[in-house]
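Let's take a walk through a protein model together. Keep the structure open beside you as you read.

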Amino acid sequence: MSLNPILMIAVPLFVAFSIPLLGYIHKKAGLYAMSATLLFNTFLSFSTLPHAFEKPIRVIIAGYKPPFGINLAITPFSIFLACLISLMGFIVSIYLLKDETTETQEKFSMLILLVVMGATGIVLTGDIFNMFVFLEIMSISSYALTSIRKDRKGSEAGIKFLLVGSISSTFLLLGIAIIYNQLGTLNMADIARRFSQMNPKLAFAAVSFLFLGLGIESEMFPLNAWAPDVYQGAPAPVAALFSAVTVKAGLYAMIRFLYTISNNSSFIKLLMLFGIATVIVSELSALKQTDVKRMLGYSSLGQIGVILFAVGIGTKTALEGAVFHFVNHAVLKATMFLSIGLLAKYAGGSSFEELKGIGKKYPFLAGVFAIGALGVMGFPPLNGFMSKLMILTAAAKAEHVVLVMLVLAASVVEGFYYFRVLQVMFREPEPTRIEKRSVSLAFVIPLVVLVGMIVGIGLFPGVLMPYFKGAAMDILSRGDYISVMLSGGGAL
Amino acid sequence: MIGPHNIVLIPVVIGILAYFAGKLVRPVREGLTLLSSLFVCYVVLFKAGLNTIGIYTYNFSLPQYFDGFRFGNNGFSWYFAVIIAFSYLFVSLASFPLVKDKEYHGSFYLFFNIVAGALLGIVYSRDLVSFFIFWEIMTWSSYFLVVMNPNTKGKTGLTYIVFNVAGAYAMLTAMLIVYSYAGSFHFDRVVKAVSLMTNSTVFFISLLFAIGFLVKMATMPLHIWAPDAYTESEDSFTPFFSGTLSKMGVYGFILFFGMLIGFVNIKGVYEIKDTSLIGYIVAWLGVVTSVFATFRAIVQDEIKRLLAYSSIAQVGYIVTAMAVGTALGVAGALYHALIHSVIKLLLFITVAGVIYRTGKNKFSELGGLITRMPLSYLAVLFGIIGLAGMPPFGGFASKWVIYMSLIKNHYYFLLIGMIVSSTAAFLYCYKLIYGIFLGHPSSQGLMEVKEVPGFLWVPQIVLMMVLMLTGFFPGYIVPFIETAMKGIGFSVAFNSTSAYTLSAALGGFNGFVVINVLGAIFVFVFVWYTLFFPKSKRLHRLDIYWAAETPDENTPLHYGYGIGAELDRIPWVGMSLRTHITRFYEKTGEQISGIASVLKDVVFNGDGQIYMLYAILTLVSIFLLMGR
Amino acid sequence: MSTGMRIVDIIAYPFIAFLIGMLYMGIARNIIGRIHRRWGPPVLQNLIDVFKLYRKREAGSHGVMFHLGPIIMVTGVVTCLYFIPMLSDGRWLKGFSFDGDLILVTYLMVLGALGMALGVGQGGVPFGVMGVTRGLTRLIGLEIPYFIAIIVLMAHYNTASINKIIELQAGGLSNWAMFKVPLAFIASLFSFWGMMGASPFDIPGAPQEVASGPATEFGGKYLALMMSSRGIFGFLKLTLWVDLFMGGAANLLILVGKTFVLFVTVLFVTSVYSRFKVEQAVDFMWRYPTIIGLIALVIEMVR
């Protein structure tokens, strides 16, 4: 296949804007269009994957070569994440086919396409302002998606998201402006090549601003206070999307910026410390939650903290572990949010009180949740174990033993609250006020696929290992990035 | 070919298969489990036999620097694998009638098989990662078996998992530190790396490893999960739980301290009384555990809880024996590990059967069952003779070795502590057998119960015979123990050469002579008595000495269930019964909970403007801290 | 030594113990009587009682275990007896002592009591069970100083075999362990008095409190067997202490002499002191004799 990867961005954009028109043909046309588009995206990304791993591809748009024009920089890490994002988006979209929020179906599908498109754009682009644009598209669509149900919790969460997100945008823009002022270019490879030419004070300011802005988007402590509210208030599949897609894009931007563009080792170390802080604070906060969705939000933050910690360590093995954890976290959190969404819907709410004994009424769904929980906690032979092990091994080799112990202590706390939820679900007497309804196929298929991925990756981690290695190498070797993007990429 | 490297898969796969297949035809689960356990026994005994030492490396699908998973077998692994295999078989048999009608039938067989498989994985693994993987699998599968029973309190399961996971993570930290020195996870490379470490690092990792294994062996102060977990778990799982899972801690401890780190190395670190500091501390912990747990066992009214505390105490002996690191001590620990597994399997299986038949699990509700359940009575009798460590059965032989090892190396104070516990053990042994089988029945309907189900007879009889044979031929096990110890690098500890005697260090005894003398006298007196005297008159149960009155059916006569009430009045014992270390853990838990509440309410307080403020504050602090 | 003589030697063991034991019990009652300023029963009274009980026509039984209880008791006691050498010359009256050691003997001593406890259990008299419980609780107290003393002995002579300990005490009065490890001997004496059932430690069968304790329900031939085994057991303990601390005995007369001296100390203690409660007994044994024993142990360790 030699389709231009730009289609990964162009097609969803086009379809998103034409969904209202399609809505006149059939009420559900929007949802189907969304799924079809995402399926297309998935195929395209997967077919581009092997090429990009051989040699990174540079796609030029509108004929302007860098460093003047906007281009796509399809490096191993980028395409890997693009695959992940498209796949996760597709799986969630299948789930949404049966979702019953009928009146907002068009808006739903449009916004989701925009979110996925924005995320794909962020990971594929080679221009920093372009990245900002896509980030904005993604963020604004996310704000809307959070409050799409127009209920109290969602709206409140949406407002908070908006408030903090606007700070993020402001600072990002400031940082980019400083860089543009100093270097006169917006092309990431060019900036990377000439970053050291910047005035050090201004460079520091720019890096700090971008660190803050991207940190908000990557849900780093203490900038992630908005996240639990959002995870609780947004509809479950949207929450799944957020944890699987948007935060990954934010993390990509952070990594790309700190490693490739600015190569600032002190900020990378800072990332490690913030990561540890995120882990500890999130896991402890999750302890006292009585609402399972909110608890999952905190747990998600904890896992991101682990990724940040791994990225901050900076060795090759740590980065491999981090990329592995990207995949695992996306899959696991998607599973958990999707299953809890259904369980909460049938139980009438997502607090402990309402979920008592639900495991006996819906054993399949609760079983899926349980497998997800075991994976998040890092029990072998599921996927979470291997990535956590790799990260901790890398940390130990880099002599950060105390930090390893802190992460493990937080994991013990994590185990406590997850098992508490499982006990509430499975051991309480069966609730009599809920009748059992059958779970439709559209809900079951994505869950089965996700569980299959959890178990499969857990048993055969080596299948994906070459991709992790490639992605980690890509992150670390900024010289290659610069040379490839500026001189011309590989063939499509 | 089936061997130590893939025997793990058999029970695990069978477990999953059984769960799903059993949804169609229920008895398939039992059948599959039985087949699996028989097959495992066969393989362990014949294929992965005593002298097979092989190393198999799996390189599939792993990150490069893990160097592949390694599995292997030596005398030491074989010793424990035999214990695991036979426990698997006996508990499978025992569970058939006991779990048959329970609603969690499928889950039970699923997780039980997985646990058995995980244990085999632990003893056969030869690199740190696979050891840890199977340890974790054991942890979560046993967790589900503990909480499966609807009578289990929620707190029990959570305490269990938190302690065991924390212990496992302590172990993981130590493993990672070792890896950073050794560059590989394989056991043979690890051995060399330890000599490169500084003293404080060696002490630190041995502390972490000790914590990991002491949790599993329920040694104080890490034991608080054990009484509840043993008592409340599914009745047919508890034999496996208490008999075999705790021995994994023994395996791990001896493996890491004996072979990988080396008692010699940790002795070099900080030495006290001719042994390492950490070993000495752990030995004292073992003694303290056995003393405190024994006294707690005496005052219990629930049968399983008494046995739970007894298990904790007995494993305390094993901990003491092996922590001091001498050859004879480790030999004693291995011997007692075997004997204790046998005893606890026997007792818990029998008790499970009794509870199943009578529906009661407290001493105050039982009594007088000897006439209805003679086989179970005999089983419990053998069990308590073993628990108390009395000749002529096997319990004495293993205790004798432990005592000798302590005397030989002059650890007299440890020995005295052990004697306190050992003598007090007689009380709970008597309470166990009196409360259930002797005395008078305390509830209605006890005189109509049947003997325990037939499937339990096989494990009971076989285990009783094992106890007898190890008593009559105490030296029979010695060559196996010596091969096991050679596998970890210890030299010969015993002087004995025949199966009849056991001799080491300061003395020896001939078990065969003991039983012959005892048997001859018993037979002689019994024959003389029964034949040469007029027949005794059978009296009614209530026709007893009662100060010139006659008790009736409603007089409470089953006095012995209250044994232990007087212990409170003995000063030291009363004090030990009143102190609870759970308070410490509860306080810690409350503290953490408090911090969590603060975080929840203050930091993540729902005010969007505060969130924005955080962002600004972060920026400011970055500037302040990192700006130049 | 020919097989025939050996067989006679072995069979004679329990009978010697029985006769001398019962005789001692009779003499005891006389001496205590004299201390109480009365005559006391005939010296052979205990033997006469035992024979009378054997001749009873009927005995009540509560079941199989009840029947077996006294049998196990006597088995345990006699088995233990066989592992203690009566004479120190290694030829006559040595039983099977070369096949067992001190730890074995210690545990065998408890075997009889436990067997009895099972019989008492089936008997179902609360007094009996009370007696057993009190006895076992008292045991916790008694065993500690006893064990400390044996540990001191084993450490001092570096062996656990009783025969070897006797051997190492050869060579005259001053070589006796009693004088070599005096503190250990004193500690062990307390345990010894307790085990012999001397007041203040005669707790299990305290007549005014638990109506004979374990022996309550037994009558007729059962009681006869119990009394016989009590006699044998008494002699057993005396012999053990003589072997361990007083240099053993070269012939039967010396054995009788030494055991009698030791026995007299028991009598003096029992006739003077009043009974402890069981928790007081345990507490007492854990304080003074234990401390004395520990001091002996420390001295031994330092040496």
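Predicted model: local features only at pLDDT ≥ 70, side-chain atom pairs only at ≥ 80, totals over all residues.

Residues are numbered from 1 along each chain as its sequence is written, while chains are lettered from A and ligands numbered from 1 in the order in which they are written.

So what's pLDDT? It's the predictor's confidence in each residue, from 0 to 100. Chain B has a mean of 84, with 93% of its residues at 70 or more. Within chain B, helix α13 (residues 303-323) has the highest confidence at 93, and helix α11 (residues 263-269) the lowest, at a mean of 64. Helices (H or I, at least four residues) and strands (E, at least two) are DSSP runs, by the way, numbered from the N terminus.

Now for the chains. Two residues are in contact if their C-beta atoms, placed from the backbone, lie within 7 Å. Two pairs of chains are in contact, and chains B and C share the most contacts. Chains A and C don't touch, and their nearest C-alpha atoms are 41 Å apart.

Look at where B meets C: chain C puts in 64 residues and chain B 56. On the chain C side, α5(C) gives the most, with 16 residues. There's strand pairing here too, which takes at least two DSSP bridges between two strands. Strand β7 (residues 537-538) of chain B and β1(C) run parallel, joined by two bridges, and Lys537(B) sits opposite Gly60(C).

Next, find Gly383(B) in helix α15 (residues 374-388) of chain B. Is Gly383(B) buried or exposed? It's buried, because 30 other C-beta atoms lie within 10 Å, and the cut-off for buried is 20 or more (12 or fewer is exposed, and in between is partly exposed). Leaving out residues up to four places away in sequence, Gly383(B) touches Ile343(B), Leu346(B) and Leu347(B). Ile343(B) is 40 residues away along the chain, yet the two C-alpha atoms are separated by 5.4 Å.

Finally, hop to chain A. Strand β1 (residues 57-60) runs antiparallel to β2(A), with four bridges joining them, and Ile57(A) partners Ile74(A). In a regular strand, side chains alternate between the two faces of the sheet. Both faces of β2(A) (residues 71-74) are covered, with Asn71(A) and Ala73(A) buried on one side and Leu72(A) and Ile74(A) buried on the other.
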